[in-house]
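Dear colleague,

I am passing on the structure below, and the notes that follow it set out what was found. Please read them with the coordinates open.

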Protein chains: 2
Amino acid sequence: MRIGALSKRSGVPVPTIKFYMREGLLPAGSLTHVNQAQYEETHLRRLRLLQALSQVGGLSVKQLRGILALMEKPDFPVHELLGQTLLSGIPRSYTNDEYSHALAEVDALISRYRWQISDDSPARIAAAAIVATLCALGTPAHLPMGLLDRFAYHADAMAFGDDTAETPEQALIDAVIGDRLLLALRRLAEENVQATMEKGAQ
Amino acid sequence: MRIGALSKRSGVPVPTIKFYMREGLLPAGSLTHVNQAQYEETHLRRLRLLQALSQVGGLSVKQLRGILALMEKPDFPVHELLGQTLLSGIPRSYTNDEYSHALAEVDALISRYRWQISDDSPARIAAAAIVATLCALGTPAHLPMGLLDRFAYHADAMAFGDDTAETPEQALIDAVIGDRLLLALRRLAEENVQATMEKGAQ
């Protein structure tokens, strides 16, 4: 197909397609005339992946480039990579003490669940930074621990139920879009709890 | 305290503090001299909230302004607001048919769980858009349904276990930072599953 058709079928504007090609995120089409290139279904697929990861998953062009490069390798460490993207947005608005305390809580949790987590796991650091943020915001001391345990229990159950993705691309989609889906369902479940409580109060 | 101390204690640079004041997100300090203002603990608290919501939660200044305005109202609809922020990043890279099909799946799920959800719930629309994105990406037809049910089950269990937040501010923190914490724990649980599988394969 021509670039116009590629744009139409993917919903991605032509300038964005050209940007992705310049950035090396999308292979060039095969030239059929001096100024005309032909694109295949693989281009359409890659384009949809890029849009989903950047817009639904909130990944930057730099993060996309790193992920695409690593996707070619065997043993693609998808969870580590996504752990790093979790970390990138967290401000250091907590003290060293708050962080140490939070890290100890996260490590105690990892032990309780007998999770095998490497010491330099980005998700471990991110979890500690998030708990430290909660503490700095003055959330009562009991809440993070209750939250931590409850969330860990459900995260564990969800991870063990996951179908094994067949390709790195699929693993990436499952993780990034799955995150969004999980949050949307969390919002729906909370809307329901609120509606139920309001009904009960009437 | 003076603005320098406020900056030091919050970890927020002075220019960012001034930006928040100009944008009406942070009240001005009380003037003690012509060119010197005094800030209270309430400023520090608000500042930490702003940083957490913008940097951990990824909310824009426009979204922050909307949320702060609504926080003053009774019956602060926190879940609806956050549902809208979920929606804002999702590109329309699916067909009308894919969206209709996805919405029908989400509605069937809402019925199965007997969730009370309004028709114009932003989280409902967001969930449908995310499922449609998964379909457009060519995820096998059985996966979204399996994912949907499993995520809904756990989202439901987590929502009913939630302590009721005492203030709108707390509800907001629980939801936004809680989302991040949940994703970090999901990443940890997945890292563990992967480590366990690799050990089993050896």
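R114(B) is exposed, because 8 other C-beta atoms lie within 10 Å (a residue is exposed with 12 or fewer other C-beta atoms within 10 Å of its own, buried with 20 or more and partly exposed in between, the C-beta atoms being placed from the backbone). R114(B) is found in the loop between α6 (96-112) and α7 of chain B, and has a positive phi of about 50 degrees although it is not a glycine. Most residues other than glycine have a negative phi. In chain A, R114(A) likewise has a positive phi of about 50 degrees without being a glycine; it sits in the loop between α6 (96-112) and α7 (122-136) of chain A and is exposed, with 9 other C-beta atoms within 10 Å.

Please bear in mind that this is a predicted model, in which local features need pLDDT of at least 70 and side-chain atom pairs count only at pLDDT 80 or more, while totals for chains, interfaces and linings use all residues. Residues are numbered from 1 along each chain as its sequence is written, and chains are lettered from A and ligands numbered from 1 in the order in which they are written.

The contact between the chains takes 69 residues from chain B and 69 residues from chain A, two residues being in contact if their C-beta atoms, placed from the backbone, lie within 7 Å. On the side of chain B that touches chain A, the elements giving two or more residues are α3, α5 (78-88), α7 (122-136), α8 (142-161) and α9 (168-201) of chain B (helices are DSSP runs of H or I with at least four residues, strands runs of E with at least two, numbered from the N terminus). The largest share of that side, 21 residues, comes from α9(B).

Within chain B, the axes of helix α1 (residues 3-10) and helix α3 (residues 41-56) come within 10 Å and cross at roughly 45 degrees, the axes being lines fitted to C-alpha atoms over the stretch in contact, with angles from 0 to 180 degrees between N-to-C directions. The contact is made by L6(B), R9(B) and S10(B) of α1(B) together with H43(B), L44(B), L47(B) and R48(B) of α3(B).

Strands β1 (residues 30-33) and β2 (residues 36-38) of chain B pair in the antiparallel sense over three bridges, where pairing requires that DSSP finds at least two bridges. A hairpin of two residues joins β1(B) to β2(B), and L31(B) stands opposite A37(B) in β2(B).

With best regards
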